[in-house]
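Hello,

Please find the structure below, with the sequence. My notes on what was found in it follow.

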Amino acid sequence: MVAPVCKLHCLLKRTQMLLLCLGIAYLMAGSILLLQRSSVRVAQLNLASLPPLLSLAAPPTAFRTGGLGMRARSRWAAVQAVPGAGAKAGRHWPASRSLGVQHLHRRWFHNLLPESSEQRVSLHRNNRHKGTYMGCFMHNASDGALGGTMLYDLRKMTSSLCQDTCSESGYQFAGLEYGAECHCGNRISSQQAPEEDCSLVCRGERGSPCGGVGRLSIYKVEEQLPGHRKFKNIHYRGCFKLTKSSIGTFPIYSFQPNLTTQSCIETCTDKELPLAVFKRPNCFCTWTSSLFSINQQSDNQQCAESAAVNHTTSAPTVPTHDDHYQVYLTPVLDSRCKERMFLPQKSTSLVALSSFPGAGNTWVRHLIELVTGFYTGSFYFDGTLYNRGFKGEKDYWKSGRSICVKTHESGQKEIEMFESAILLIRNPYRSLMAEFNRKCAGHLGHATDTQWNSKEWPEFVSSYAPWWASHALSWLKFGRRLLVVHYEELQRDLLPQLRLITSFLNVTITEERLLCAQSNQDGHFKRSGAQRSSFDPFTPDMRQLIDSFIQTVDQALQSRNFSGLPQEYLPR
């Protein structure tokens, strides 16, 4: 009896060893295959023919003063010495000037899979896109094809998405690069490249050319009749008194007897200029400058009276004296606040950008990045935001390379990790709706009527409404150095609020950069469409609960010598 048991025991031991050996052999074979495929792919790269990469630009026209330190630039950017710094900036990647290595780094940055024969697009173009395919063009640091706005979507980029984005921003051409980047512009400023260079497909659809490394697949977007183009991100800048000499420096002048606001904005958008200066029948286009700073603004009545005096003019009349003009921000991205980077030197103190979910943290991060030129970080990792251009999402939040760090945490331990914090507060009714929309439909979508009418909504309110209050109360109690920013006040008075934020962050900015941020304030992070104005998902019981929390937070703010909540928060 003992002998069979021993034999069985030995057999099981041999089986275990055999399975272990097979597993090790399988892993070794996979590793060898992976290394072999990688070496073949690298060998196939013609390093001499690769175009130079687009790298992050030099530090923008904003510098960090004492208090918060800085650190090396992004791991994907070339190293540049910081003026006045004794030590050289560090670099995450091994030092190498090899162009091929830079391209491999970029592949890693975009997290693209190796292209198989099925993934590479056929050179026979399909006709399902709205625009006209113009061809493959060179696009690199020294030879950019399109100089307008840029949009990232590393997972869902499509030709239609890029064309729609560029059209809504007032551009005539849309270019796709590396399968995931969308560039816009009104002029193609580079040479045409061989068609086979644009053989990558879009990440969000098959069969569509989406450029290549340093190459753009460019489409001319579907044209609309003058006066029928619908632009996003247009803002009235205000009424300004301008001198004859300053008007004479504006690069574009157009006389239009039947001039309208829309036609002047279209003219300036086509010229890729961010400001439309309007006084019938004269239209001027120019860049943002200190001429249009907030302290130079006149009363709107001055522009109305000036327009009434001259509205009958029918012949070209270049202004011969000082006068008042209406100024509009066009959808054109002012390139002077487009480039962003990580802090050149490691910061010695961490600054939180803290808010309850749904309070507009993403929008405020966008504004801070525009006005300072530095990436913001995050306590979490949100792939959707990373794909939309927030490159600080992948950076470790304690690295000290971000200007501030997004967080929704409200525990004492988490709060005390930060030396200072911007506490962003929004009306809880709006915050709760925004966060419910995000949970149901992502950052840019809306919850359906079925979801609003389900039992999930009351449960959400009963759980999240107390969190709105406890979040603010905890930061007021444990925060060391706070700047309280109300979302609604930021919407109403953008420039004064941005000045407060940048002063708190200890960053010096120029007036031009501030105005540039204003002209691009909406970005690509707002939900499409709007919730119905009459839509009210809150029951009387919900309102009673939320109103009690509003009063509690208002009293806590005033007890800490902060201004109370805006009047529209308070129960009527």
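Helix α5 (residues 261–270) is mostly covered, with 7 of its 10 residues buried. The buried ones are S263, C264, I265, E266, T267, C268 and T269. These residues pack against four strands: β8 (252–255), β9 (275–279), β10 (282–286) and β12 (323–329). Just after α5, E272 has a positive phi of about 60°. Please keep in mind that this is a predicted model.

Next, the sheet. Strands of a sheet pair through backbone hydrogen bonds, either parallel or antiparallel. Here an open sheet of 5 strands is paired in parallel, in the order β14-β15-β13-β16-β17. Its edge strands, β14 (377–378) and β17 (482–486), each pair on one side only. Between strand β13 (residues 351–355) and strand β16 (residues 420–425) there are 5 bridges. S355 stands opposite L424 of β16. Helix α7 (residues 361–372) lies across β13, β14, β15 (405–407) and β16, and runs at about 145° to β13.

Now the charged pairs. Side chains of opposite charge can pair when their charged atoms come close. With a cut-off of 4 Å between nitrogen and oxygen, the count comes to 8 salt bridges. Three of them are described here.

One joins the side chains of R340 and E369, at 2.9 Å from N to O. R340 is in the loop between β12 and β13 and E369 is in helix α7, so the pair ties together parts that are 29 residues apart in sequence. Both R340 and E369 are buried.

Another is formed by R438 and E435, whose closest N and O atoms are 2.8 Å apart. Because they are 3 residues apart in helix α10 (residues 428–441), about one helical turn separates them. E435 has a relative accessibility of 3%, so E435 counts as buried.

R492 and E568 also form a salt bridge, with the closest N and O atoms 3.1 Å apart. This pair links distant parts of the chain, 76 residues apart: R492 is in helix α13 (residues 487–492) and E568 is in the segment after α16 (540–559). R492 is partly exposed, at 49% relative accessibility, and E568 is partly exposed too, at 38%.

Last, the surface. M17, L20, I24 and M28 make a nonpolar surface patch of about 410 Å². M17 lies in helix α1 (residues 2–44) and is partly exposed, with a relative accessible area of 48%.

Regards

Methods
Residues are numbered from 1 along each chain as its sequence is written. This is a predicted model: local features need pLDDT of at least 70, side-chain atom pairs count only at pLDDT 80 or more; totals for chains, interfaces and linings use all residues. Side-chain values use heavy atoms; hydrogens and water are left out. Patches are made of residues with over 30% relative accessible area and no salt bridge: like charges are joined within 9 Å, nonpolar side chains (Val, Leu, Ile, Met, Phe, Trp, Tyr) within 5 Å. Accessible areas come from the Shrake-Rupley method with a 1.4 Å probe; for residues, only the protein chains shown count as cover. Helices (H or I, at least four residues) and strands (E, at least two) are DSSP runs, numbered from the N terminus. Buried means under 20% relative accessible area, exposed over 50%, partly exposed in between (1.4 Å probe, protein chains only). Contact means heavy atoms within 4.5 Å. Two strands pair if DSSP finds at least two bridges between them. Axes are lines fitted to C-alpha atoms, for helices over the stretch in contact, and angles run from 0 to 180 degrees between N-to-C directions.
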